[in-house]
Amino acid sequence: MEDRILKELEIASVVRLYEARGAGPEARGAAPGEPTVVLEPRASGGVPAMDWSELRETVRKCTACGLCRQRKQAVFGVGAETAAWLFIGEGPGADEDELGEPFVGQAGRLLDSMLAAIGIKRGREVYIANVVKCRPPGNRTPTAEEAGACAPFLDRQIELVNPKIIVALGKTAAVRLLDTEASLGSLRGKVHGYKGRPLIVTYHPAYLLRSLPEKAKAWEDLVFARRTLADTPAA
């Protein structure tokens, strides 16, 4: 492993779409006059049966919650669509809202360094998504209702990627995927499960930028995730 990466990481020394059918746009958070997206069951089975193209377009047009009002664009996800690793964060920030891709700001650069440190790379072995697809105002934590509105989209992404392991980045992702209010610290270091897949919990990169001593713990979590993946029987 490169000393440069370890130095950068400072470890060298050591989370239901609303059933809104029949409701008006305002009831679901859309601004008056904004196009409405109603996810009616189609012959193919609705969101749970959408392919990548259908899902991406549905997310792009979604007005299921109030986050659609101030977004520049929905931020869908990025990476290898059949990746072994799936990383799930909280929601887009300003850079992501501008560029339409998750984890492209300072936190994204840190995440890329963390991935490189365990020998994996964005765009190859990794797919990255968020609990919510639109930026919460002021980068606040998404509400449970907002997370619920995006839940079918994230669930479908998980099914399409079919990862061998999921890494929840931060408490919002852990709460959404594990349906628990337990502290993030108590969830670390354990193999959880999500729909038959191993799930590991670690800190969000944005938190690590504010809490540098925790980088070593995040490194431990990623090493633990890599070991868990290696020990997971092939499907």
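Two strands are said to pair if DSSP finds at least two bridges between them. In this predicted model, strand E1 (78–79) and strand E3 (residues 126–130) meet that condition, since two bridges join them in the antiparallel sense. Within this pair, Val78 has Ile128 of E3 as its bridge partner.

The pairing of E1 with E3 belongs to an open sheet of six strands, arranged in the order E1-E3-E2-E4-E6-E5, in which the pairing is mixed. The edges of the sheet are formed by E1 and E5, each of which pairs on one side only. Helix H9 (residues 215–231) packs on the sheet, where it touches strand E2 (85–89), E4 and E6, and the direction of H9 makes about 170 degrees with that of E6.

Both kinds of pairing can be followed at strand E6 (residues 197–202). With strand E4 (residues 165–169), E6 runs parallel, and four bridges join the two; Leu169 has Thr202 of E6 as its bridge partner. With strand E5 (residues 192–194), by contrast, E6 runs antiparallel, and the two are joined by three bridges; here the bridge partner of Tyr194 in E6 is Arg197. E5 and E6 form a hairpin with two residues between the strands, and in this hairpin Lys195 takes a positive phi near 55 degrees.

In a regular strand the side chains alternate between the two faces of the sheet. In E6, Arg197, Leu199 and Val201 point one way, whereas Pro198, Ile200 and Thr202 point the other way, and all of these residues are buried. The strand is accordingly described as mostly covered, with six of its six residues buried.

After H4 comes Gly119, whose phi is positive, near 85 degrees.

The largest nonpolar core of the model contains 64 residues, and those with the most contacts inside this core are Trp85, Phe87, Ile88 and Leu177. Among the elements that contribute to the core, helix H5 (residues 144–161) gives the most, with eight residues.

Conventions. Residues are numbered from 1 along each chain as its sequence is written. This is a predicted model: local features need pLDDT of at least 70, side-chain atom pairs count only at pLDDT 80 or more; totals for chains, interfaces and linings use all residues. Side-chain values use heavy atoms; hydrogens and water are left out. Buried means under 20% relative accessible area, exposed over 50%, partly exposed in between (1.4 Å probe, protein chains only). Contact means heavy atoms within 4.5 Å. Axes are lines fitted to C-alpha atoms, for helices over the stretch in contact, and angles run from 0 to 180 degrees between N-to-C directions. A nonpolar core is a set of buried Ala, Val, Leu, Ile, Met, Phe, Trp, Tyr and Cys residues joined through side-chain atoms within 4.5 Å.
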